[in-house]
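Q: Please go through this structure and say what each label rests on. Set the values against the cut-offs.

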Amino acid sequence: MTDVVLKTELGSGTFGTIFEVLYKGAPKAGKIYELSDDKSIDFETLRELSICQELKNTHPNMAKMEEIIVYKKTFMMIMEKYTCDLHTLIRKASFTDEDKINISFKLLHVVDFLHNHNIIHRDIKTNNVLMKKVNGIYEPYLGDFGAAKYFNTHENEKAPTHTDKVSTRTYRAPEIVNKKKYRLICDEWSLGIVLYEVITNKLITIDKDSKLMRFIGIYIELFAKNHPTYSKLISGLLTSPPSKRLTCKKALKLPLFQDKIVPDISSYPRILYWISKRKLEKLKKSATGSSDEEGESSDEEEESSDWKF
């Protein structure tokens with residue numbers, strides 16, 4: 001593995017640790033995935049790898065995944081290295097209105113892009129938004145898809161409840177807190193908390209569900225008085241009933257963004273809604289050193305394998 005030189009640890013993601021690395025001589029970030037107790041690659045890791053592979057080079061405000069490589073009997077995801085995350089930046093910097101509008105607009109659009117392709121992120125928070133300056137303006141890049149999954153929007157009310165073991169507590173939507181069924185719109189609540197923190201330039205440090213709900217109820221009116229320009233955006237995203245919550249698609253049409261041109265999502269590369277079982281098994285075997293002789297499937301079987309995680 002001479003192509004990779006491990007340097008300093010940058011942080012941890014949902015299922016692995018992120019390092020600053022030199023990859024083929026260039027500075028990058030590398031996420032090393034943890035093995036399960038039996039030294040195998042678990043399902044959640046494979047799901048994140050498959051989704052990141054499908055998202056590669058699709059949206060300009062998606063954290064750029066460059067390559068997935070085998071590293072010491074597990075996987076490493078090679079990514080572009082960014083300046084810092086949004087959480088760090090809020091503590092250290094003061095955003096201009098131009099920055100706030102740009103960050104809000106770009107994050108709304110990338111989440112709308114995911115939802116347009118039936119992908120639910122489930123862990124939108126300031127730590128998972130990577131940042132860098134482009135032409136003097138802060139640009140956001142949504143990352144860490146460890147909790148993301150493809151979502152069947154046609155599920156009826158009798159469909160199984162999705163796990164509530166997602167999202168960082170501060171950013172969890174009320175329907176997740178209350179252990180109810182949730183859909184794509186739960187991401188909008190999480191994004192609402194993120195944008196509240198961006199606009200106020202202050203991180204919410206409450207980590208108790210009940211206290212956070214009371215905080216939102218009390219401070220949303222105060223926010224409207226202090227930040228009237230952003231009032232409809234934040235109050236809409238932080239609406240408790242999911243059926244009445246503002247979607248990203250509708251938020252992009254608010255007067256706040258009247259000077260912004262909303263890119264046509266259909267012009268972006270399409271995301272495939274499946275990744276074949278054979279492709280994942282091949283990746284897994286290459287990491288664990290298993291033989292590739294067993295479990296071969298025909299091309300016809302591969303094409304019919306529906307892996308909508």
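A: Buried residues make up 51% of the 309 residues in the protein chain. Buried means under 20% relative accessible area, exposed over 50%, and partly exposed in between, with a 1.4 Å probe and protein chains only. This is a predicted model: local features need pLDDT of at least 70, side-chain atom pairs count only at pLDDT 80 or more, and totals for chains, interfaces and linings use all residues. Residues are numbered from 1 along each chain as its sequence is written, and side-chain values use heavy atoms, with hydrogens and water left out.

Q: How many helices and strands does the protein chain have?
A: The secondary structure comes to ten helices and ten strands. These are DSSP runs numbered from the N terminus: helices are H or I with at least four residues, strands are E with at least two.

Q: What makes Tyr196 and Phe215 an edge-to-face pair?
A: Their ring centres are 6.1 Å apart and their planes stand at 75°, so the pair is edge-to-face. Rings of Phe, Tyr and Trp (its six-membered ring) pair if their centres lie within 6.5 Å; planes under 30 degrees apart count as stacked, over 60 as edge-to-face and the rest as tilted. The whole structure holds six aromatic pairs.

Q: Why is the pair of Tyr196 and Phe215 said to tie parts together?
A: Tyr196 lies in helix α5 (residues 186-200) and Phe215 in helix α6 (residues 209-226), so the pair links parts 19 residues apart in sequence. Tyr196, Phe215, Tyr219 and Phe223 form one aromatic cluster.

Q: Are Tyr196 and Phe215 buried or exposed?
A: Tyr196 has 9% relative accessibility, so it counts as buried. Phe215 has a relative accessible area of 18%, so it is buried too.

Q: How do you know that the charged end of Lys133 sits over the ring of Tyr138?
A: That charged end is 4.9 Å from the ring centre. The rule asks for NZ of Lys or CZ of Arg within 6 Å of the ring centre and within 35 degrees of the ring normal.

Q: What surrounds Lys28?
A: Leaving aside neighbours within four places in sequence, Lys28 is in contact (heavy atoms within 4.5 Å) with residues including Phe19, Glu66, Ile78 and Met79. Lys28 is in strand β3. Its relative accessible area is 17%, so Lys28 is buried.

Q: Why is Tyr71 called buried?
A: Tyr71 has 9% relative accessibility, so it counts as buried. Tyr71 is in strand β4 (residues 65-71). Its C-alpha is 7.8 Å from that of Ile32, 39 residues away along the chain.

Q: Where are Lys24 and Asn57?
A: Lys24 is in the loop between β2 (16-23) and β3. Asn57 is in the loop between α1 and β4. Lys24 has 56% relative accessibility, so it counts as exposed. Asn57 has 55%, so it counts as exposed.
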